[in-house]
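Q: I've got a protein model open and I'd like to go through it with you, piece by piece. Could you take my questions as they come?

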Amino acid sequence: IEEGKEIPLPTQSQVEIKMSGKNILLVIKGKTYSVKEKIRFINTGDGEFKMSSGHFKSHNRKFNGHLTVRVHGTLRLINEVDIEEYVCGVIEAEGGTGNPLEYNKVQAVISRTYALNNIHRHAAEGFDLCDATHCQVYHGLVRFDEAICEELGVDPLEGYAHRPMTGCMISTESATRGGEQ
């Protein structure tokens, strides 16, 4: 695929992503495309990206926003999302589900404050925050308790009304090592 070239992906399209040296291989409907070092998937509507690791079911995640895949020794998935959507994902990943509204409000303040104060923690690596305890645990879209976002007045599908953030999601290296960080 030439740099800057767009490939439209219909809803429910599946793309297998692999690494070959410093190239990214995309398999779309049986056809393989090669991309040098980086590709960005742009979400043009209210859709979502679903990512699953062939190694562990627990790595199945959904993402809003845009998704960049880079080669950096392994494959890195970088999700660009609105700060409030990021906060909702952190609240669930850090604190679990079924918590009282006041807990979620406090956790939102803590998570947002931490994110904004550490926004450039991984700037040298090309993203803002990682998804591990090193920064804040983040698994993408809220998976179990959508009430978290509703209680806080956040609609994760409304788009990019606030400052976008980028976060490194998961590498193939961590997936093959059992998710160790």
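Q: Of the contacts between residues at least 6 apart in sequence, what share joins residues at least 24 apart?
A: In this predicted model, 61% of the contacts between residues at least 6 apart in sequence join residues at least 24 apart, where a contact means heavy atoms within 4.5 Å.

Q: Before I go on, what should I know about the numbering and the model?
A: Residues are numbered from 1 along each chain as its sequence is written, and side-chain values use heavy atoms, with hydrogens and water left out. Because this is a predicted model, local features need pLDDT of at least 70 and side-chain atom pairs count only at pLDDT 80 or more, while totals for chains, interfaces and linings use all residues.

Q: OK, how many helices and strands are there?
A: The chain has 4 helices and 10 strands, and these are DSSP runs numbered from the N terminus, with helices (H or I) of at least four residues and strands (E) of at least two. Along the sequence the order is β-β-β-β-β-β-β-β-α-α-β-α-β-α.

Q: And how much of the chain is buried?
A: Of its 181 residues, 40% count as buried, with buried meaning under 20% relative accessible area, exposed over 50% and partly exposed in between, for a 1.4 Å probe and protein chains only. The chain exposes about 10,500 Å², of which carbon and sulfur atoms supply 49%; such areas come from the Shrake-Rupley method with a 1.4 Å probe, and for residues only the protein chains shown count as cover.

Q: New topic: how many aromatic pairs does the structure hold?
A: The structure holds 1 aromatic pair. The ring centres of Tyr 86 and Tyr 138 are 5.0 Å apart and their planes are at 40°, so this pair is tilted. Rings of Phe, Tyr and Trp (its six-membered ring) pair if their centres lie within 6.5 Å, and planes under 30 degrees apart count as stacked, over 60 as edge-to-face and the rest as tilted.

Q: Where do Tyr 86 and Tyr 138 lie?
A: Tyr 86 is in helix H1, whereas Tyr 138 is in the loop between strand E9 (129-130) and helix H3 (147-151), so the pair ties together parts that are 52 residues apart in sequence.

Q: Buried or exposed, those two?
A: Tyr 86 is buried with a relative accessible area of 4%, and Tyr 138 is buried at 3%.

Q: What about Gly 95, where is that?
A: Gly 95 is found in helix H1, which covers residues 83-95, and with a relative accessible area of 24% Gly 95 is partly exposed. Not counting residues up to four places away in sequence, Gly 95 touches Val 90 and Tyr 103.

Q: How many disulfides are there?
A: The structure holds 0 disulfides, a disulfide being a pair of cysteine sulfur atoms within 2.5 Å.

Q: Last one: which loop holds Lys 29, and what is its phi?
A: Lys 29 sits in the loop between strand E2 (23-28) and strand E3 (31-36), and its phi is near 50°, a positive value in a residue other than glycine. Lys 29 counts as exposed at 73% relative accessibility.
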